Amino acid sequence: REHARVRRTFDATTIADTLISEDGSNAAFYNGNLGEYSDRLSQLSDDITATVEEIPPDGRKLVTVHDAFAHLARRYGLEIVGFLVGGADEDPSPREIADLTKAIENQSVPAVFREPQIGPQTRLLEQIADDTGVEVCTLYSDTLDDRLRTYIDMMRFNADELLRCLGG
């Protein structure tokens, strides 16, 4: 399918196909919107790549509350130094806290990233940041709000925040 790149990033193709199956007389409209959105996602990916490339290679280090950003890291060349917990509902052990603290210090991580929708673990990550003297920044994973209303807005914010916090 000509819009296969979208499928890997966001399942807009399925949405368009479903709309076409229910409203075939407007297939050209739905396919046109899908093509336009695919172009916007391609441009977004190019923009994120360019933004991340502004971060010095030795500064592209990611520490987050939980393992929600593995795809982002792989795609844009970030190194995951660590995360506080494996899942958003887990509590870290004292050993995990100590290991993460040591990794932040040993690898000269400039910032850690919280997610706005996660509470108790975020406070713990903020304490680790305070103990290690690094900045606390924000990345959105899957939650939108009044400020960031679309996936594209969210990803642009994340790229800008990565540059601001890791860019040196």
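Which residues of α6 are buried? The model is predicted, with local features requiring pLDDT of at least 70 and side-chain atom pairs pLDDT 80 or more, while totals for chains, interfaces and linings use all residues. Residues are numbered from 1 along each chain as its sequence is written, and side-chain values use heavy atoms, without hydrogens and water.

View 1. Gln-121, Thr-122, Leu-125, Ile-128, Ala-129 and Thr-132 are the buried residues of α6 (buried: under 20% relative accessible area; exposed: over 50%; 1.4 Å probe, protein chains only). They line one face of the helix, because they fall within an arc of 115° seen down its axis (the arc of the directions from the helix axis to the C-beta atoms). On the other side, Pro-120, Arg-123, Asp-130 and Asp-131 are exposed.

**View 2. Packing around α6.** The buried residues of α6 pack against β1 (61-66), β2 (79-85), α5 (94-106), β3 (111-114) and β4 (135-138) (contact: heavy atoms within 4.5 Å). Helices (H or I, at least four residues) and strands (E, at least two) are DSSP runs, numbered from the N terminus. Just after α6, Gly-133 adopts a positive phi of about 75°.

**View 3. His-66 in strand β1.** His-66 counts as buried because its relative accessibility is 12%. The side chains of His-66 and Glu-115 are joined by a polar contact of 2.9 Å (a pair of N or O atoms within 3.5 Å; within protein, one must be able to donate a hydrogen and the other to accept it, and residues adjacent in sequence count only if both atoms are side-chain atoms).
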